[in-house]
Amino acid sequence: MNRTSRRLLAGLATAALLATAACGSDDEPGEGASGSDALIVYSGRNETLIAPLIEQFTKATGIEVTPRYGGSAELAAQLLEEGDRTPADVFLSQDAGALGALEEAGGLETLPQTTLDRVPAKYRSAEGAWVGTSGRSRVLVYNPDLVPAASLPKSVFDLTGPAYKGKVGYAPTNASFQAFVTGMRVSAGEERTREFLTAFQANEPQSFEGNVAVLEAVDAGTIPFGLINHYYLYERAAEAGGLDQVTARNYLFPGTDPGSLVNVAGVGILDGKGSTDAQAFVDFLVSEQGQTFFAEQTKEYPLVAGVPVELEGLPPLEQLGGPDVDLSQLESLDETLALLDEVGLT
Amino acid sequence: MTQVLDAPARVGTPHPGRRRALLQRVGLGPSGSSRPPLVLLVPAVVTAGVALLPLVYLVVRAFEEGLGVVGDVLLRERTARLLLRSLALASSVTLACLVIGVGLAWLTTRSDLPGRRTWAVVAALPLAVPTYVAAFAWISFLPELAGPVGAFVVLTACSYPYVLLPVAATLRRLDPAGEEVARSLGLSPWQAFRRATLPQLRPAMAAGGLLVALYALSDFGAVSIMRFDAFTRVIYTSYRSSFDRTPAAVLGLLLVAVTVVLVWFEGRSRGRASYSRVGSGGARAQTTVRLGLLRLPAVLLTTGLAGLSLGVPVAALVYWSAVGDRGQVDLPALLSAAGTSVGFAFLGALVTTLLAVPVGVLAARRSGRLPQLLERAAWVGHALPGIVVAFSLVFLAVRYAYPLYQRTPVLVLAYVVLFLPLAVGAVRASAAQSPPALEEVARAAGARPLEVLRRVTLPLAAPGIGAGAVLVFLTCMKELPATLLLQPLGSATLATQMWTATGVAAYSAAAPYAAALVLLSALPTYLLGVRTGALDRTPEVSP
């Protein structure tokens, strides 16, 4: 080896040591993954949204939080792999299905009744293993310039009719769309769902990359209808400076129609991690402050009574319909995907 | 005719009989009977063991619910259909990459393409673009591209350098004698290339093609954004849907089986020929082929490819940054993420390369069963989606290395398992190109195996080892699923921050992170391109 390459090697080795040292200082303190004093929260909800909320929590309670962000499902699977040696104290999930899976594996502590009672029974675990933190409803978003409100369909099943041919936008790979299909399977049965999806597909719906793209197309009048979640419209309105600056409007299918499924994001404490700090975090999420945060930042429904939310044109939480399904059971996504694949809606 | 051509194609191979005898005597020859030196064997076995770690987990998880479940998962109609779909995608991407890679390699090394040194560097740069960035870029300009075509375009545009780089390196080093003899026997330039040069490129093409194929099989970013229902998507959704890890593990094992078959094919197509050059003096400079009338089409083609593979993602990044309504970039956060990314990727590259050296050198020098097995073991993790490797290491670290769990070493280990073949291939290729005779002489002069390794083999293979390290570095920078699950609590890399921003559809917020990722990767890619170019001794031909 010549001199230059030796020097290069020495340089690289030094850099490696420095890099190790730098990385090492990041994950201080503690002698293991769980050695830290801070409350460890696995969050399946996006950092952009949750980081400010965690800041508020730390400010209010003085409890430090170390988050790990990831997809809700991936984190749930990671928690299942980690078992009782998980470093995590709290799991914050985007949907009830991931919490349901952990609950089933016995991975969650039972929450105190006072915490659970903050939220309607429909939006929490029947066994008390997790509690919902915010709700979202599936809606039909439409463009009033193209469609008069009076002629809106009575059910999501009507969208397979000739009047809607080529006129409905949707986001087939979006988790909420898939949850809607799962909700339909659970409430209306496999056969009816298969018939609906086949007819829906034959009716030439327009597929989009995500819910935001669907809303944009409806708002611009490119297509009259779209199947999305309720809050996209209000987020857009907030950006545009008010709902009157936006053309599109939300519509809820009446009654227990599967097209108006209400799903929740929720939180649970990992088994054996029922510290006062963890409890304080969960309580903070269902406190007035936490609920107001969700209402203002995400335009989701707060689940605690008395917390105001401005959702012009939508009924309050108590009057929301949707299919009557156990949210923990919305985890049978495998069959849903196979079905979507079968009818070609991917 | 073929027989005549065979000789120059393998120019420099000494008389087989005499050579084998000599090599066996010094214990270094490519004979299966002599035992490889322990200095190489022991670390190589360790490396192979590390590479096989995910198998432990996959087998435990796959069979915990009994053979019945395994059969159910394997026999599902959807499993077979999606595997075939993915194999079709992987083979078409590989084919396209071979054509583009060999074509570009030839144009940039052997033709009088204007500015070919620059092109040699530019053509390597797509390696710096993660598939999920490229896919987002394409779909934002051409939404109708979603589907198999989009997945094909993105994967091809991002991965052809895996073929281009080794082929270009081989082309530059190739002794022109073979082609000259073929020409003197009356073959046209194309025939001479096809019959004298192409066979010499076979190992490089096979190795590069295998990397591309496995990349296409295990990629999740491009296929999910392009909404192409590929095999990896089944694995992801079975974690995502039922939270039942058994089906995912069974499917992971299936992917390992496919990999073993592909690696075996690669080994077969590599052949037994010797590719090193032994003779007096160095190889002479290559002759440059004048493109003549084909010059303009060649320039257009090269420019077009660069536009598709680099222009589209860069244009999208610029566009997203321009339309950004989220205002200013959080510079400290960006810098910190960049530092973390570079740190992790650097450690990943360093450890992976160190572990790859013994396996690569053994594979280059020995044709016995054990070195082959050890080398092939290194490939196991490469076709597995990052998330499967991540869960394997979660499982193992939580049980057996808890103090290291969710700390840098376990993340680095994941990078090793995932990207080992990139380094092993590079080490093997460059070690195979340096003549074994030099080691034989050192041995004959009384040097111990370790000394031979340190003073002869490694210095000769150093450029190739460096190139392998750079490849691993680049790939670590782009890695997302394993990094998300295994990175130390509270740390953030460019890739994870980008993921966060795209999660709330804030493309403008994602753009600076994506741009930093591409720029930081472009520098080593540039060095990689220049390194292959540095061996170029051919003067540019003035038009």
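Of the 346 residues in chain A, 49% are buried, where a residue counts as buried if 20 or more other C-beta atoms, placed from the backbone, lie within 10 Å of its own, as exposed if 12 or fewer do, and as partly exposed in between. The model is a predicted one, in which local features need a pLDDT of at least 70 and side-chain atom pairs count only at pLDDT 80 or more, while totals for chains, interfaces and linings use all residues. Residues are numbered from 1 along each chain as its sequence is written, and chains are lettered from A and ligands numbered from 1 in the order in which they are written.

The pLDDT, which is the predictor's confidence in each residue on a scale from 0 to 100, averages 85 over chain A, with 89% of the residues scoring at least 70. Over residues 1-35 of chain A, however, the pLDDT is below 50, and this stretch has 38 contacts in the model beyond near neighbours in sequence, a contact being two residues whose C-beta atoms, placed from the backbone, lie within 7 Å. Where pLDDT is low, the predicted coordinates should not be read in detail.

Chain A has twelve helices and ten strands, these being DSSP runs numbered from the N terminus, with helices (H or I) of at least four residues and strands (E) of at least two. Strand 1 (residues 39-43) of chain A runs parallel to strand 2 of chain A and is joined to it by five bridges; two strands pair if DSSP finds at least two bridges between them. Within this pairing, A:Tyr42 has A:Arg68 of strand 2 as its bridge partner. From strand 1 of chain A the chain passes through helix 2 (residues 47-61) to strand 2, in a β-α-β crossover that is right-handed, meaning that, with the strands pointing away from the viewer, the path from the first strand over the helix to the second runs clockwise. Strand 2 (residues 65-69) of chain A is largely enclosed by the rest of the structure, because four of its five residues are buried.

In helix 11 (residues 288-298) of chain A, the buried residues are A:Gly290, A:Gln291, A:Phe293 and A:Phe294. Seen down the axis of helix 11 of chain A, these residues fall within an arc of 150°, so they line one face of the helix, the arc being that of the directions from the helix axis to the C-beta atoms. After helix 11 of chain A comes A:Lys299, whose phi is positive, near 60°.
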